Amino acid sequence: MMPRAPSQVPEHEWATQWKELQPMLRKVRRSMATVRALPLRVMRVSQLDSDILDMELFDILKEQLWSSLSLFQPTIRERFEPELLALLNFVLFKFSVYDSGATYGAQLQNLKYRNEWMHSRALESIAKDAPLSKTQKILYGLFTVGGQYAWIRANRYITEQGWGELDESEIRNKVYRTLQAGEKYWKAFTLINFLVFLANGRFRTLIDRVLGMRLVYAQKSQNRQVSFEFLNRQMVWHAFTEFLLFLVPLINVEKLKLRLTRMLLPKSYLVSSKGYDQLPQNQCAVCHDAASAETDQMQVLDFTVHNPYQTNCGHIYCYYCIQSKLSVFGDEWPCLRCGERVVSITKRLEKADKDADEDAKAKVEVDDKGNHGEEVEEEKKEKDKDNKASSSS
């Protein structure tokens, strides 16, 4: 062992041993590069569920956006719909994939993206995952946000301009046919990628495969987070909804509402508020009430009672009007003229009344005729007496 110079820094023993182990470590690395490691298994259903959750979240936010724009002119939504959807997609991309390396649906499924280009062969199943590079994130945003916006806007412009109806020799028609063929090829490649994904479970979408972005577990010790709380809540609400759909038709809501109104408000207010107690006897109050609910009241001109029926309180209505009210409200419907509950109705016998009036008139006429006959006989007797007196003289 050579003597150490006074100015030379003493070397630690572990450093010397580390240098001696470098050739052996290089051999181990080379051998590991040729050894095929166990494949990383990520459940396909978790990856597909994350995609469904992302779509549901996007639909919820889109509905909120449309409802907020309902106060403005509808032309604003129709004109700027691609830009608004692109802005919404960009916000979701910025706060999910770009910032945390995973979509919101993937985070709920305990998944995240990793740079698969850094995990080839033996490095596929190592404990530490390589994060996405900035280039991968930017390209992912360009493809998912910018590509979708450009495709929607181009299709809308081409459809409005009618490029597909031009002559085949036109350049615009060729561009239209090229885009249509490109869409078909994209759908075909997407289908092939999905079938490959079902086979090996590595890349869920075609964009993920091109960019080398693979969904893996965020926490290896917890492969899948399955919370049955949401499922139980959905089952309870579904059963409750089915029960309400069965129960509501059996409950007469209008009758219940009318009963509460009669309990809370006095009878005099119910009658005087509409003023139907001042209508003539031959006018149907229900017809007036139906006409007042119409926007154009001039369409209903005749409110005369037809086929009259009399209620237990003594007021007259059309048979159709009163029967329709009783079929809906039952015995809780109040008379519009006096406020009493209508329990029963009877047909008004106008014919009998008319016959009685006619009989009375006929009797009066007969009496008049009888009196007139007696006067004529007395006149005849007086004339006979005068004739006899003149003849005797």
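Let me start with helix α12, where the face turned away from the buried side carries Tyr320 and Ser327, both exposed, and here exposed means over 50% relative accessible area, buried means under 20%, and partly exposed lies in between, with a 1.4 Å probe and protein chains only. This is a predicted model, in which local features need pLDDT of at least 70 and side-chain atom pairs count only at pLDDT 80 or more, while totals for chains, interfaces and linings use all residues. Residues are numbered from 1 along each chain as its sequence is written, and side-chain values use heavy atoms, with hydrogens and water left out.

Helices (H or I, at least four residues) and strands (E, at least two) are DSSP runs, numbered from the N terminus. In α12, which covers residues 319-329, the buried residues are Cys321, Ile322, Leu326 and Phe329. These residues lie on the same side of α12, because they cover an arc of only 125° around the axis, the arc being that of the directions from the helix axis to the C-beta atoms. Just after α12, Gly330 has a positive phi of about 70°.

Turning to the cysteines, a disulfide is a pair of cysteine sulfur atoms within 2.5 Å, and by this rule the count is zero. For Cys284, which is buried with a relative accessible area of 0%, the closest cysteine sulfur is that of Cys287, at 3.6 Å, too far for a bond. Cys318 is also buried, at 5% relative accessible area, and its closest cysteine sulfur, in Cys284, is 3.8 Å away, again too far for a bond.
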